[in-house]
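Student: I have a structure to go through this morning. Could we work through its main features one by one?

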Amino acid sequence: QVQLVESGGGLVQAGGSLRLSCAASGDIFGHVVWGWYRQAPGKQRELVATLNSEHATTYTDSVKGRFAISRDSAKNTVLLQMNALKPEDTAVYFCSARIYSSWSKWNDYWGQGTQVTVSS
């Protein structure tokens, strides 16, 4: 079983910064793709950033140059550094882990989410 617990959300003014953390525990082996998603009220969940076992990252266009995903292997934590925040970044942010048991089989795990609110 895998557990993901997010923290670090809160209220910040536009232009400010927050760092989200995702503490991972459980059977996490092999190829893993870590992700941060967000969901604003009335909108679909959106992929924000990913980080794979080879340290490759991807970002949705709206956060490129402002957000950075990273992993602290020693603490088994995935981080999302968010700078130059905008009101449109307001959402519940979710951590995810896609763990591959083979190249064609995987399981997805999710955290409970953390609220980020950016005031104008």
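Tutor: Let us begin with a term: buried means under 20% relative accessible area, exposed means over 50%, and partly exposed lies in between (1.4 Å probe, protein chains only). On that scale Ala 91 is buried, because its relative accessibility is 2%. Please note that this is a predicted model, in which local features need pLDDT of at least 70 and side-chain atom pairs count only at pLDDT 80 or more, while totals for chains, interfaces and linings use all residues. Residues are numbered from 1 along each chain as its sequence is written, and side-chain values use heavy atoms, with hydrogens and water left out.

Student: Where is Ala 91 placed?

Tutor: Ala 91 belongs to strand 9. Strands are DSSP runs of E with at least two residues, and helices are runs of H or I with at least four, numbered from the N terminus.

Student: How far is Ala 91 from Lys 43 in space?

Tutor: Their C-alpha atoms are 9.5 Å apart, although 48 residues separate the two in sequence.

Student: And which residues have the most contacts inside the largest nonpolar core?

Tutor: They are Leu 4, Trp 36, Leu 80, Met 82 and Tyr 93, in a core of 30 residues. A nonpolar core is a set of buried Ala, Val, Leu, Ile, Met, Phe, Trp, Tyr and Cys residues joined through side-chain atoms within 4.5 Å. Elements giving two or more residues to this core include strand 1 (2-7), strand 3 (18-26), strand 8 (77-82) and strand 11 (114-119). Strand 9 gives the most, with five residues. In soluble globular proteins, nonpolar side chains tend to be buried together.

Student: Let us change topic. What is the volume of the largest pocket?

Tutor: The volume is about 170 Å³. The search runs on a 1 Å grid over the protein atoms alone: a cavity is a set of points where a 1.4 Å probe fits but cannot get out, whereas a pocket is an open set with protein on both sides within 12 Å along at least five of seven lines, and lining residues have an atom within 4 Å of a point. Grid points are joined across faces, edges and corners, and a volume is the space filled by probe spheres set on the points.

Student: Which residues line the largest pocket?

Tutor: Among them are Phe 29, Trp 34, Asn 52, His 55 and Arg 71. Strand 4 (32-39) and strand 5 (46-52) are the elements that give two or more residues to the lining. By class, the lining has five nonpolar, five polar and one charged residues. Here Ala, Val, Leu, Ile, Met, Phe, Trp, Tyr, Cys and Pro count as nonpolar, Asp, Glu, Lys and Arg as charged, and the others, Gly among them, as polar.

Student: You listed His 55. Is His 55 buried or exposed?

Tutor: His 55 is exposed, because its relative accessible area is 64%. It lies in the loop between strand 5 and strand 6 (57-59). The phi of His 55 is near 70°, a positive value in a residue other than glycine.

Student: What about Ala 84?

Tutor: Ala 84 also is not a glycine, and its phi is positive at about 50°. Ala 84 sits in the loop between strand 8 and strand 9.

Student: How many aromatic pairs does the search find?

Tutor: The whole structure has three. Rings of Phe, Tyr and Trp (its six-membered ring) pair if their centres lie within 6.5 Å; planes under 30 degrees apart count as stacked, over 60 as edge-to-face and the rest as tilted. Tyr 100 and Trp 103 form a tilted pair, 6.4 Å centre to centre with 50° between the planes. Tyr 100, Trp 103 and Trp 106 form one aromatic cluster.

Student: Over which ring does the charged end of Arg 45 sit?

Tutor: The charged end of Arg 45 sits over the ring of Phe 94, 3.8 Å from its centre, and over the ring of Trp 110, 4.7 Å from its centre. The criterion is NZ of Lys or CZ of Arg within 6 Å of the ring centre and within 35 degrees of the ring normal.
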